[in-house]
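Dear colleague,

I am passing on the structure we spoke about, and below it I have set out what was found, grouped by topic so that you can follow along in the viewer. Please read the notes with the structure open beside them.

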Amino acid sequence: MAEYRDVVIPGEKIDGRKGRKLGNGVYQEGEIIFSKFVGVPRIDENEISVIPLSGVYLPNMGDKVIGIVEGVEISGWLVDINSPYAAFLPIAEAVDEFVDMARTDISRYFDVGDIVFCRLSKVTKNKTVQVSMRDPSARKLYGGIIIKVTPTKIPRIIGKAGSMISLIKNKTKCDIYTGQNGVIWIRGEDKAKAIEAILTIEKESHTMGLTERIESLLGV
Amino acid sequence: MKEEKLMVDGKRIDGRLPEQLRDIKMKLNVVTRANGSAEVKFGKTTAIASVHGPRALFPRYLQESGTGILRIRYNMAPFSVNDRKSPGPDRRSTEISKVIRLALGPTIFLEDFPKITIDGFAEIIEADGSTRVTAINALSLALAAAGIPMEDLVASCSVGKIDGTLVVDLNGKEDNNSEADMAFAMLPNKGVISLLQMDGALTKKEVLKLLQSAKESCMKIYEMQIKVLKDFYKGE
Amino acid sequence: MEELYALELIHKGKRIDGRKFDEFRAIEISTNIISTAEGSAKVKFGETEVIAGVKIGTGKPFPDTPDRGILIVNTEFTPMASPEFEAGPPSENAVELSRIVDRGIRESDAIELDKLCLVEGENVFSTFVDIHIINHHGNLQDAASLASIAALRNARLPKLENDKIVRGEYDKPLPVAFTPINITVSKVGDNFILDPNYDEEKILDSKLSISVRDDDKICALQKQGVNEIKFEDIERMLDTAIEKSKELRKLV
């Protein structure tokens, strides 16, 4: 992964099919594979794909995202997941106790402006999206600040088995949550340094020697 | 005006040969808060384009459940022409917006975006002929930079006939006094045409000859588009 | 959401991009950039980018000023420049911005409109300043004002033949007597800041747009923002604007 790969553009041919199945970011015409995006091609053992270098977040079932509550409805909450598609959090996916909907103002559980780390529990073909707090890691996030990065850069910010994000957390003494939707929540001591490190990774995600540069930025 | 010769000793008024493009400049991501943007100059003709989206689409009746939509707005700055253009859309810009949308639409995987919209805006900052094709080149780059899934880029140029000579990339004076001019766009990899407009008087043979030179010029423009995209994302 | 961080920093005496409270972002001015316009300028404050183009024509004067030329300022918040700008007729904000620029130029007598009369009551030069927003990243008002006066300063009057304009040929410069500079002073908590960027603009409590002429005369004021301004703040805001206007005027 650390190896530098060439950038491809939409419509550019990608070699290396050899029985691999098509992943994201590519399309096929006849026997030939083309890129859909400006991105970095990834050819692993059985899949060929292109990771876009820009673009908005599109919801995928199972993704863990950071959302901001933007509306309290009768039976749940509207959640902004940094996507053109808004998500809905139904009461049953958010609260364990019995809620008498006729009598309860459910804003006592979640209110407009609350920040939640949650899981996409349902995404229909037409992109109607449901999120859920029924996940061990799901929680409401208190205080802190939020920054947004290109969603496809999130894996690089997390690093192999979480190595990069742990390094940033330790060196800046910050709590950090990363949503696959490109939203990052930070609370703690040296937020400025944490932001700088994250934005550097976002900018230089496809270059070599990134880990070393981040280490020196954080004073390792 | 009519008396002035547009071709002298095989050269055009700006010194170009018939098949020669003007000096072309392309710059990526010039509008910070757009998802993607680009500035393209063909000589003095300058287009800045940005793409906002894919983004939510309201009012709801505009939404299409199975697919996303593409909206395009082509607009000229009031100071971009000799006689001030009064602001706002007119018949010309409405038609041009439509043909640009159709020139770019086929290349975008709109089905990936049910119910939402991709909005492309092109502003002509200075006009010296061939503004719609310059806008198409800028929008094509802006779409790619915005991370919109596309089958191919779109390359575009104008061709025409002046003083009996077939030429490419007409400037303003040539455009106004041409015997024929043609706006052309293609998907370079797929080798298909997505914009074709012509007015004037040409023989069938001339039309076919012009299509050939338009194609050759577009392939040159395509090479520049590839270079600016690759350089930007490598050098970042 | 970055604005919450910007706010937290301002309370600590810092800004999100490391600037001092009274410091502008890097200012770039390029003039005479559009050959179809009689005058033009591009102004950048960091990422914010605005182009002003001056078009000069001839026409009938307004009945109440038969011996003076016409000045019209217009702004397009192009939907290209920002996701929150929409296509359509000029928005409230675009009209307000134009009118503040207009007042700064008109009330300072920057343009000698009396010298733009050709035949009294019949024919005068009309000067259009069109402001085109290219990239909205905060403080459009000051950027647009600066671009407008810079464009007017390099504008030339077109040559006339039998009272008709010959395009592409020029007679003499547009008569410009002053260089009014617009400085918007904003307040966040107890702090006064200049040139807010996009994130900072969302956390301003109040702002006062101040146009200052070369002789330090105040030519236009506009209180903006939803919150009120305290009496005791005004003097400090005026002092800040007068001071800063000298610095920006040198760049034109």
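The second largest cavity is lined by A:I66, A:G67, A:I68, A:D80, A:I81, A:N82, A:K148, A:N181 and A:V183, and its volume comes to about 40 Å³. Please keep in mind throughout that this is a predicted model. Strand 7 of chain A, which covers residues 64-72, gives the most to this lining, with 3 residues. By class, the lining of the second largest cavity holds 4 nonpolar, 3 polar and 2 charged residues. Domain 2 (64-141) and domain 3 (145-217) of chain A each supply at least three residues to the lining of the second largest cavity.

The domain assignment of chain A gives those two domains together with domain 1, which spans 13-52. The centres of domain 2 and domain 3 of chain A, taken over C-alpha atoms, are separated by 26 Å, and the contact between them takes 11 residues from domain 2 and 11 residues from domain 3.

With a threshold of 30 Å³ or more, the count comes to 2 cavities. The largest cavity, with a volume of about 50 Å³, is lined by residues of chain C, namely C:I100, C:V101, C:G104, C:I105, C:S145, C:P180, C:I181, C:N182 and C:S211. Helix 2 (92-107) and strand 9 (181-188) of chain C are the elements that give two or more residues to this lining, and helix 2 of chain C gives the most, with 4 residues. The lining of the largest cavity divides into 5 nonpolar and 4 polar residues, with no charged residue.

In chain A, 3 strands form an open sheet in the order 2-6-5, and the pairing is mixed. Strand 2 (21-22) and strand 5 (39-43) of chain A are the edge strands, each pairing on one side only. Strand 5 of chain A pairs with strand 6 (residues 47-52) of chain A in the antiparallel sense over 5 bridges, and A:P41 has A:V50, in strand 6, as its bridge partner.

The C-alpha atoms of A:K13 and A:S35 are separated by 6.6 Å, although the two residues are 22 residues apart along the chain. If the neighbours within four places in sequence are left aside, A:K13 is in contact with A:I32, A:I33 and A:F34.

In chain B, an open sheet of 4 strands has the order 9-8-10-11, with antiparallel pairing. Strand 9 (165-168) and strand 11 (192-200) of chain B stand at the edges and have a single partner strand each, so one side of each is left without a neighbour in the sheet. From one strand to the next, the twist averages 15 degrees. Strand 8 (residues 155-162) and strand 10 (residues 180-187) of chain B pair in the antiparallel sense over 7 bridges, and within this pairing B:V159 stands opposite B:M182 of strand 10.

Helix 1 (residues 91-104) of chain B packs on this sheet, where it touches strand 10 and strand 11 of chain B, and its direction makes about 150 degrees with that of strand 11. Helix 2 (residues 131-145) of chain B lies across strand 8, strand 10 and strand 11 of chain B, and runs at about 165 degrees to strand 8.

Finally, there are some backbone details to look at. Most residues other than glycine have a negative phi, and most peptide bonds are trans. The peptide bond from B:G53 to B:P54 is cis, with omega near 0 degrees, and B:P54 is found in strand 5 (residues 45-55) of chain B. A cis peptide bond also joins B:F58 and B:P59, with omega about -5 degrees, and B:P59 has its place in the loop between strand 5 and strand 6 (69-76) of chain B. In chain C, C:N32 is not a glycine, yet has a positive phi of about 55 degrees; C:N32 lies in the loop between strand 1 (27-31) and strand 2 (39-45) of chain C.

With best wishes

Key:
Residues are numbered from 1 along each chain as its sequence is written. Chains are lettered from A and ligands numbered from 1 in the order in which they are written. This is a predicted model: local features need pLDDT of at least 70, side-chain atom pairs count only at pLDDT 80 or more; totals for chains, interfaces and linings use all residues. Side-chain values use heavy atoms; hydrogens and water are left out. On a 1 Å grid over the protein atoms alone, a cavity is a set of points where a 1.4 Å probe fits but cannot get out, and a pocket is an open set with protein on both sides within 12 Å along at least five of seven lines; lining residues have an atom within 4 Å of a point. Grid points are joined across faces, edges and corners, and a volume is the space filled by probe spheres set on the points. Ala, Val, Leu, Ile, Met, Phe, Trp, Tyr, Cys and Pro count as nonpolar, Asp, Glu, Lys and Arg as charged, and the others, Gly among them, as polar. Domain bounds come from an automatic or database domain assignment. Two strands pair if DSSP finds at least two bridges between them. Axes are lines fitted to C-alpha atoms, for helices over the stretch in contact, and angles run from 0 to 180 degrees between N-to-C directions. Contact means heavy atoms within 4.5 Å.
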